[in-house]
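Please brief a reader who is new to this structure.

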Amino acid sequence: MQPRNMSMSGVVDLAAVKAAGEAKVKAEQARAEASRQGGGGAVPPSALVIDVDEAGFENDVLQRSAEVPVVIDFWAEWCEPCKQLGPLLERLALEYNGRFVLAKVDVDANQMLMQQFGIQGIPAVFAVVAGQALPLFQGAAPEAQIRQTLDQLIQVGEERFGLTGIAVDQDAAAGEGDAAPAEAPAGPYDALLESAVRALDADDFAGAVQAYKNVLSDDPANTEAKLGLAQAELLSRAKDMDAQRVRENAAANPADVTAQLAAADLDLVGGHVEDAFGRLVETVRRTFGDDRDAARVRLLELFEVIGPDDPRVGAARTALARVLF
């Protein structure tokens, strides 16, 4: 549930899409009317999360996007980060109650869709609004950032296209809730992990780092805590960076390891994964001793941020091995 791409809104500047206030008011009025009317075309909550394949993509995604934003989760059974992100997106789809629909695409069974969207690694999340595809983010992400991106997406749907979402049958929702199995008891580290997420939401990166370290002190193999710690430490380092100064310093001082480490952090926060990895591999290649070790360790930390299943990590590991050995 932790971020793999810190700059989700930077990939597609949804907030920059300007639209008429009249369209937004109209969309809000239409949604309120649909809510008052209840049934009559309302869908059950189960219709808010759908499995989509290549044969049904036209109808289930493109056509549906004319009335509600469709968020596409590209996933695979073997992808560990997908197992964290998928349930979170499903829960948010239900919570947003018809403001968007979640379409899940198994990339192993739908290679053509994966190629058409130009996906390099999974999980990858796109949106389709009024037939237009927008890349949102790649990799798992913290809930607060996902919510922010969804809110921006919904706002664009309302303001630019007048999309009102779809009405959800509340009677069906109650029935599905009655039939749902009892919630599993909280795990031993759930409270600590939740406190870490809350700290991230509040930009308290030091607090998040400590919370994740508290989990790892008892459970060193905890995947969620390891990933969260790597992300929190990255965000902490990048929080107060002057991007222009960092990039100028790195360009002017290619042999300065500290400058290259800062630029690599900035690259990753901005979503430029290959640039970050390539910069550090090159730094390892040209340095020795403590400098080389510092660059190597930072590269391994950034691998944790992206996740071992991402093909870019595999390629960078191979490149790192070449320069080391």
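The notes below go through the structure by topic.

This is a predicted model, in which local features need pLDDT of at least 70 and side-chain atom pairs count only at pLDDT 80 or more, while totals for chains, interfaces and linings use all residues. Residues are numbered from 1 along each chain as its sequence is written, and side-chain values use heavy atoms, with hydrogens and water left out. Helices (H or I, at least four residues) and strands (E, at least two) are DSSP runs, numbered from the N terminus.

**Aromatic pairs**

- The structure holds six aromatic pairs. Rings of Phe, Tyr and Trp (its six-membered ring) pair if their centres lie within 6.5 Å; planes under 30 degrees apart count as stacked, over 60 as edge-to-face and the rest as tilted.
- One of the pairs is F57 with F117, which is edge-to-face, at 5.9 Å centre to centre and 75° between the planes. F57 lies in helix α3 (residues 57-63) and F117 in the loop between α5 (111-116) and β4 (124-129), so this pair ties together parts that are 60 residues apart in sequence.
- F57 and F117 are buried. Buried means under 20% relative accessible area, exposed over 50%, and partly exposed in between (1.4 Å probe, protein chains only).
- F74 and F126 also form an edge-to-face pair, with 5.9 Å centre to centre and 85° between the planes. Because F74 lies in strand β2 (residues 70-75) and F126 in strand β4, the pair ties together parts that are 52 residues apart in sequence.
- F74 and F126 are both buried.
- F57, F74, F117 and F126 form one aromatic cluster.

**Helix α12**

- Helix α12 (residues 257-269) has 13 residues and reaches 18 Å from its first C-alpha to its last, close to the 18 Å expected at 1.5 Å a residue. The expected span of a helix is 1.5 Å times one less than its number of residues.
- Eleven of the 13 residues of α12 are buried, so this helix is largely enclosed by the rest of the structure. Among the buried residues are V257, L261, L266 and V269.
- The buried residues of α12 pack against α10 (223-238), α11 (243-252), α13 (273-286) and α14 (289-306). Contact means heavy atoms within 4.5 Å.
- At the start of α12, a side-chain oxygen of D256 reaches to within 3.0 Å of the backbone nitrogen of T258. A polar contact is a pair of N or O atoms within 3.5 Å; within protein, one must be able to donate a hydrogen and the other to accept it, and residues adjacent in sequence count only if both atoms are side-chain atoms.
- G271, which follows α12, has a positive phi near 90°.

**Helix α10 and its crossing with α14**

- α10 has 16 residues and reaches 23 Å from its first C-alpha to its last, close to the 22 Å expected at 1.5 Å a residue.
- The buried residues of α10 include A225, L227, L229 and L235. Those buried residues pack against α4, α8 (190-201), α9 (205-218), α12 and α14.
- N222 caps the N-terminal end of α10, with a side-chain oxygen 3.2 Å from the backbone nitrogen of E224.
- The axes of α10 and α14 come within 8 Å and cross at roughly 120°. Axes are lines fitted to C-alpha atoms, for helices over the stretch in contact, and angles run from 0 to 180 degrees between N-to-C directions.
- On the α10 side, K226, L227, A230, Q231, L234 and R237 make the contact, and on the α14 side R298, E301, L302, E304 and V305.

**Backbone features in loops**

- The peptide bond from I122 to P123 is cis, with omega near 0°. P123 is in the loop between α5 and β4.
- N97 has a positive phi near 55° and is a residue other than glycine. N97 is in the loop between α4 and β3 (101-106) and is partly exposed at 35% relative accessibility.
- D203, not a glycine, has a positive phi of about 60°. D203 is in the loop between α8 and α9 and is partly exposed, with a relative accessible area of 45%.

- E77, in the loop between β2 and α4 (80-95), is exposed with a relative accessible area of 53%. E77 and D108 are 31 residues apart in sequence and 8.5 Å apart in space, C-alpha to C-alpha.
- V156, in helix α6 (residues 143-161), is buried with a relative accessible area of 4%. V156 and P69 are 87 residues apart in sequence and 9.3 Å apart in space, C-alpha to C-alpha.
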